[in-house]
Amino acid sequence: MGGITNVFASPGWPTEKLEKGIEEDLDGAKQLLKDAGFEGGKGLPKLMLYIGVKQVDPQGESIALALGQELQQGLGITTEIKQLNETQFNAYQYNGPQAD
């Protein structure tokens, strides 16, 4: 991985120039958490990060680990990575989370 991004397009792709990401505002994010009653991430439920199987999405785990680390260090938000098989992952992408 080559650094932090705030857009979905890969660097160098034609669509990259069409996207404008959200500026990082760590202090603003901390204030929003505080206003919502979760200062420093305290009391906030664990955020689940779902990834697919490594054969289909080899970078998924690395991305989820990096994202989880950023959320923990910057905002005190705890995360858990859950690997789904391909069928589960595709269903989750198209239908959203389902009750266990």
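What average pLDDT does the protein chain reach, and how many of the residues score at least 70? The chain averages 83, and 82% of the residues score at least 70, where pLDDT is the predictor's confidence in each residue, from 0 to 100. So this is a predicted model: local features need pLDDT of at least 70, side-chain atom pairs count only at pLDDT 80 or more, and totals for chains, interfaces and linings use all residues. Residues are numbered from 1 along each chain as its sequence is written, and side-chain values use heavy atoms, with hydrogens and water left out.

**Confidence and elements**

- Helices (H or I, at least four residues) and strands (E, at least two) are DSSP runs, numbered from the N terminus.

**Helix H2**

- H2 runs over residues 60-75, which makes 16 residues. From first C-alpha to last it reaches 22 Å, close to the 22 Å expected at 1.5 Å a residue (the expected span is 1.5 Å times one less than the number of residues).
- Gly60, Ala64, Gly68, Leu71, Gly74 and Leu75 are its buried residues, buried being under 20% relative accessible area, exposed over 50% and partly exposed in between (1.4 Å probe, protein chains only).
- Those residues sit on the same side of H2, because they cover an arc of only 150° around the axis; the arc is that of the directions from the helix axis to the C-beta atoms.
- Behind this is a bit of helix geometry: an α-helix has 3.6 residues a turn, so residues three or four places apart point the same way.
- What does the buried set of H2 pack against? The partners are H1, E1 and E2, with contact meaning heavy atoms within 4.5 Å.
- Just after H2 comes Gly76, with a positive phi of about 75°.

**Salt bridges**

- The count is two salt bridges, each a side-chain nitrogen of Lys or Arg within 4 Å of a carboxyl oxygen of Asp or Glu.
- One of them joins Lys46 and Glu80 at 3.4 Å, N to O. This pair links distant parts of the chain, 34 residues apart: Lys46 is in the loop between H1 (26-35) and E1 (47-51), while Glu80 is in E2 (residues 79-83).
- Lys46 is partly exposed at 47% relative accessible area, and Glu80 is partly exposed at 35%.
- Lys54 and Glu61 also form a salt bridge, at 2.9 Å, N to O. Lys54 is partly exposed at 44%, as is Glu61 at 31%.

**The aromatic pair**

- The ring centres of Tyr50 and Tyr92 are 4.5 Å apart and the planes stand at 40°, so the pair is tilted.
- Here rings of Phe, Tyr and Trp (its six-membered ring) pair if their centres lie within 6.5 Å; planes under 30 degrees apart are stacked, over 60 edge-to-face and the rest tilted.
- Tyr50 belongs to E1 and Tyr92 to H3 (residues 86-95), so the pair ties together parts 42 residues apart in sequence.
- Tyr50 is partly exposed at 26% relative accessibility, and Tyr92 is partly exposed at 27%.

**Around Gly52**

- Gly52 is in the loop between E1 and H2 and is buried, with a relative accessible area of 7%.
- Setting aside neighbours within four places in sequence, Gly52 contacts Gln83, Leu84 and Phe89.
- Gly52 and Lys82 are 30 residues apart in sequence, and 8.6 Å apart in space, C-alpha to C-alpha.
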